[in-house]
Structure formats: structure tokens, C-alpha cells
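Subject: Handover of a structure

Hello,

Here is the structure I am passing on to you. Please look through it first, then read my notes below.

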Amino acid sequence: MKVDLYLSRVFRTIKKFKLVKKGDVIFAALSGGKDSASSLFTLKKYITENKIEATLKGFHINFCLPISEKVQKVIEKQTKIAEVPLEVLYIKDLGISLDEVRKKTRRPICSICGTLKRYLMNKIPREKGATKLATGHHMDDFLVFFFKNILGKNYFWISKFKPKIESTHPKMLCKIRPLFMVGDKENKAFCKALGIPFIEEDICPYTFFGCKIDVNREKWYQTIYDIERRHKNFRAQLISSIKDMSKFFEEKNREIKECSICREPTDQEICSFCKLFSNSLS
Ligand code: AMP
Ligand code: ZN
């Protein structure tokens with residue numbers, strides 16, 4: 001896909017779903033990979049070209065692992081080229097030890113990191129004045145989540161498969177996904193065309209803890225691309241239907257309250273973060 005076509009697709013998503021508005025303070029969550037870099041650069045371009053009075057910042061959670069310094073260097077380059085400030089959170093400053101938590105639970109490290117990221121990506125940017133959090137989740141991610149959730153009968157999650165998740169609690173940030181209508185290979189081509197540096201996927205920051213790349217996800221990507229080879233526009237058509245479908249799965253009575261330990265928003269008495277980490281905080 002040519003850069004112009006890529007940008008027009010992303011811009012159409014931003015415009016149609018009102019992902020950006022005047023006065024917004026958007027934190028773009030950066031992992032060092034091509035997807036979150038694409039989210040940052042497309043948002044920057046959209047805001048600049050449309051002269052929107054909104055603030056855009058990069059936000060990175062540094063896991064303080066052996067690879068983290070290398071990852072952060074790449075992110076520093078990305079934000080420098082995009083001319084946006086970068087906020088970094090070092091998890092060691094929170095007194096969190098991933099290793100300690102890993103030993104206490106049988107949950108896989110990817111799931112522990114996921115809980116930690118989701119929690120901090122909402123809390124920290126909000127405390128620093130963000131109105132929205134932008135992530136690099138893209139079309140192929142949602143197509144894979146869709147199939148997995150259908151097969152696992154977790155229909156509720158389909159309600160979240162859309163470009164914007166509005167806040168349902170004063171402490172919960174609105175989440176935006178500018179790359180909802182473009183996928184893995186398009187983001188890679190975009191970064192390459194613009195000379196944006198990124199960490200290749202096969203360098204998982206958590207290899208230190210024995211977490212391999214998501215082989216399963218890669219197989220799903222290949223399956224989706226295989227179907228697309230036979231059915232032109234399969235991905236774009238399916239994601240558009242999923243977005244329309246998402247409203248049928250919304251749980252109207254899901255009450256969001258504050259965690260009794262940390263006061264962050266959750267639908268449980270104690271949030272997933274506190275269940276995992278509250279004993280390991282120094
Ligand atoms: P993942 O769950 O690793 O597929 O990442 C999903 C999205 O979360 C990425 O596209 C980024 O926007 C964001 N993200 C992942 N890792 C980090 C990190 N260490 N710091 C900040 N944001 C991140
Ligand atoms: Zn909590």
C-alpha cells in the first residue's frame with residue numbers, strides 16, 4: 001500500500017470516529033515497535049495538517065530489563081523525529097519487581113506484563129494531564145482477537161473492537177486506535193517508507209524471562225493473509241463488520257467503581273493490578 005493511501009485510510013478513521021479534537025492532550029503509548037510508531041506519526045501528521053490545537057506526547061513504560069535501554073533509545077529517536085516530547089516511566093521507580101511476581105503466580109509473564117501495562121497506561125498519563133491514550137493496536141490485532149474470542153465464546157470482548165473506547169469513569173482515559181483500518185504489513189511498509197526506526201518484532205523485551213514471540217499470533221496473521229489472497233479486501237470488509245457488530249455486545253450494566261486498595265477504576269472489588277502486585281511493592 002502506497003503511503004498516500006495508507007495515510008488517507010488512517011486519516012479517515014481519525015476523522016470519522018472523532019479521535020482527535022481541539023484541546024486534547026493525547027499520550028501515544030510507545031513500545032518501540034512499528035505499530036505504536038505508526039500511531040504516533042499518523043497522529044502528528046493529522047494534527048499538524050489540520051492545524052488542530054491539541055497536544056501530542058510519547059509515553060513509554062520502561063520495564064528495566066536488559067533490553068530496555070536499547071528499546072528506549074529507539075523510542076527517543078522516534079519522538080525526536082516526530083518532534084514530540086517523551087514521558088518515560090521506569091517500573092523500578094514504583095518498587096515493582098516482575099521477577100518476584102513471576103515466582104508467586106502461575107500466570108505467564110505475558111499476562112503479568114499485560115496487566116501491568118494496561119494499568120499504568122491509564123493511570124500515569126491521566127495523572128500527567130492526558131485526555132486520551134493512543135495505542136498501536138491495528139486491524140490484524142482485532143481480526144485475530146475476534147476469531148479467538150468467538151472460538152472461546154468470550155463475546156463481551158467484541159464490544160471493545162472499535163477505533164475509540166469512551167471513558168466510562170472519571171479516572172478512566174478514553175482510548176483511541178488510529179490504526180484500526182490498517183494492519184501489520186501496512187504499518188511496517190509505512191515506517192520503512194518514512195525511515196522511522198523501530199525494534200523488529202522478534203526482539204521481545206521479555207525474552208529475559210523466557211517469553212517467546214507470540215507464535216500463535218503469527219500463525220493467525222498468516223491465516224488472515226491467506227484468506228485475503230483468495231478474497232480481495234477480506235480484512236477491510238471483516239473489520240468494518242466487526243466494528244458495526246461491536247455495539248451488539250456491549251454490557252450495559254457493567255459498573256465501574258474504584259479499587260478498594262489503589263482507588264483506580266475497576267469492575268471488581270480489588271483491581272487486577274493490586275491482586276498481582278500489592279504484596280510485591282516495596
Ligand atoms: P502489545 O500489548 O504489546 O501488543 O501492545 C499494544 C500497544 O500497547 C502498543 O501498540 C503500544 O501502543 C502499547 N505499548 C506496548 N508496550 C508498551 C510500553 N512498554 N510502553 C508504552 N506503551 C506500550
Ligand atoms: Zn487496585
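**The zinc site**

The 4 donor atoms around the zinc ion (ligand 2) subtend angles of 105 to 113 degrees, so the arrangement is tetrahedral (four donors count as tetrahedral if all angles lie between 85 and 135 degrees). Those donors are Cys259 (SG), Cys262 (SG), Cys271 (SG) and Cys274 (SG), at 2.3 to 2.4 Å. Donors here are N, O and S atoms within 2.8 Å of the metal (3.2 Å for Na, K and Ca); water is not among the atoms, so sites may look incomplete. Along the chain, the donors of the zinc ion (ligand 2) are spaced C-x2-C-x8-C-x2-C.

Cys259 is buried, at 0% relative accessibility. Cys262 is partly exposed, at 21%. Buried means under 20% relative accessible area, exposed over 50%, and partly exposed in between (1.4 Å probe, protein chains only).

The model holds 0 disulfides, a disulfide being a pair of cysteine sulfur atoms within 2.5 Å. Cys110 is partly exposed, with 45% relative accessibility.

**How to read the model**

This is a predicted model: local features need pLDDT of at least 70, side-chain atom pairs count only at pLDDT 80 or more, and totals for chains, interfaces and linings use all residues. Residues are numbered from 1 along each chain as its sequence is written, chains are lettered from A and ligands numbered from 1 in the order in which they are written, and side-chain values use heavy atoms, with hydrogens and water left out.

**Salt bridges**

Side chains of opposite charge can pair when their charged atoms come close. The count is 20 salt bridges. Each one needs a side-chain nitrogen of Lys or Arg within 4 Å of a carboxyl oxygen of Asp or Glu.

Glu186 pairs with Arg235, with the closest N and O atoms 2.9 Å apart. Glu186 is in helix α7 (residues 184–194) and Arg235 in helix α9 (residues 234–246), so this pair ties together parts that are 49 residues apart in sequence. Helices (H or I, at least four residues) and strands (E, at least two) are DSSP runs, numbered from the N terminus. Glu186 and Arg235 are both buried. A network of salt bridges links Asp140, Glu186, Glu228 and Arg235.

Two other pairs sit within helices. Lys123 meets Glu127 at 2.9 Å, N to O. They are 4 residues apart in helix α5 (residues 109–127), which means about one helical turn between them. Glu127 is partly exposed, at 48%. Lys45 bridges to Glu49, with closest N and O atoms 3.8 Å apart. This pair is also 4 residues apart, in helix α2 (residues 34–49), and about one helical turn separates the two. Lys45 is partly exposed at 30%, and Glu49 is partly exposed at 49%.

**Loops and surface**

Most residues other than glycine have a negative phi. Lys51 has a positive phi, near 50 degrees. Lys51 lies in the loop between α2 and β2 (55–62) and is exposed, at 74% relative accessibility. Arg263 has a positive phi too, about 70 degrees. Arg263 lies in the loop between β7 (257–258) and β8 (265–266) and is partly exposed, at 41%.

Which residues form a nonpolar patch on the surface? Ile150, Leu151 and Tyr155 do, with about 290 Å² of accessible area together. Patches are made of residues with over 30% relative accessible area and no salt bridge: like charges are joined within 9 Å, nonpolar side chains (Val, Leu, Ile, Met, Phe, Trp, Tyr) within 5 Å. Accessible areas come from the Shrake-Rupley method with a 1.4 Å probe; for residues, only the protein chains shown count as cover. Tyr155 is in the loop between α6 (139–151) and β5 (164–165) and is partly exposed, at 37%.

Best wishes

Terms used:
Four donors count as tetrahedral if all angles lie between 85 and 135 degrees; four count as square planar and six as octahedral if opposite donors are over 155 degrees apart and all others between 65 and 115; anything else is irregular.
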